[in-house]
Amino acid sequence: TSYKGDLPNADSQSAFKISFQPSIPYPLGDKADKVNFFVRPLIPVFFDQPVFSAEDQDFSDSGVELGDISFDVAIGKTFDNGLRLIGGIAGTMNTATDDDLGLDQWLLGPELFVGYGDKWGFVGLLGSHQWDVAGTNDYDTSITGGQYFYTYNLQDAWQIQAQPTFSYNHEADSGDEWTFPLGIGVAKTTKIGNTPWKFSLQYWHYVEQPDPFGPDYQIRFQVAPVIPLPW
């Protein structure tokens, strides 16, 4: 991720992060019902994240640190016409090993996903809202988050796709609420042994970010194996 902003040296900052996000579904009812309960944690590990010091008026690098772990817990259904609906809760846990890389709060709130898929591909929109429910009381947190999905299927298991995430911070100063990227990418699914693997490369360009300091663009490489579950 490359950054920009009004803070001193903001335009020369960049970061590197690895995230692990398994999606663990459990079928409810008969297989024909196409209803699943699922849990989807997101575990971020920062390898190089710029942190601004108000005292020094400059940035320093974080080193290798664990960030705040977020999660989804929800129930979803796929309908015969291709429509997919998911409802549940989203949360963020106070797990950051460096106070500068986390909120020092626990967040919780509702989540809703609407999507549609067919032979040509898939489109969808995920929305959630989280409030602080525990942790430090020094400030209030109220964040609307989201992620839009699109996939267009090509020949030989190639796809054009992206899944950019965006947020709206209701407690931010006027004009600094939105962090919103436009994304484009390409993906390829192939078998390694008996396991399908999906590899994708995406570019996100941020058209809105907080003026003091925010992301300018991001390059993402994703690896996703499809692993059978015991149930």
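User: Where does Gln57 lie in this predicted model?

Analyst: Gln57 belongs to the loop that connects strand 5 (50-53) with strand 6 (58-61). A strand here is a DSSP run of E, at least two residues, numbered from the N terminus. Residues are numbered from 1 along each chain as its sequence is written. The model is predicted: local features need pLDDT of at least 70, side-chain atom pairs count only at pLDDT 80 or more, and totals for chains, interfaces and linings use all residues, while side-chain values use heavy atoms, with hydrogens and water left out.

User: Why is Gln57 called partly exposed?

Analyst: Buried means under 20% relative accessible area and exposed over 50%, with partly exposed in between (1.4 Å probe, protein chains only). The relative accessible area of Gln57 is 42%, so Gln57 counts as partly exposed. Its phi is near 55 degrees, a positive value in a residue other than glycine.

User: What makes Asn9 partly exposed?

Analyst: Asn9 has 44% relative accessibility and therefore counts as partly exposed. Asn9 is located in the loop between strand 1 (2-4) and strand 2 (16-20), and its phi is near 65 degrees.

Methods:
Helix = DSSP H or I, 4+ residues; strand = E, 2+ residues; numbered from the N terminus.
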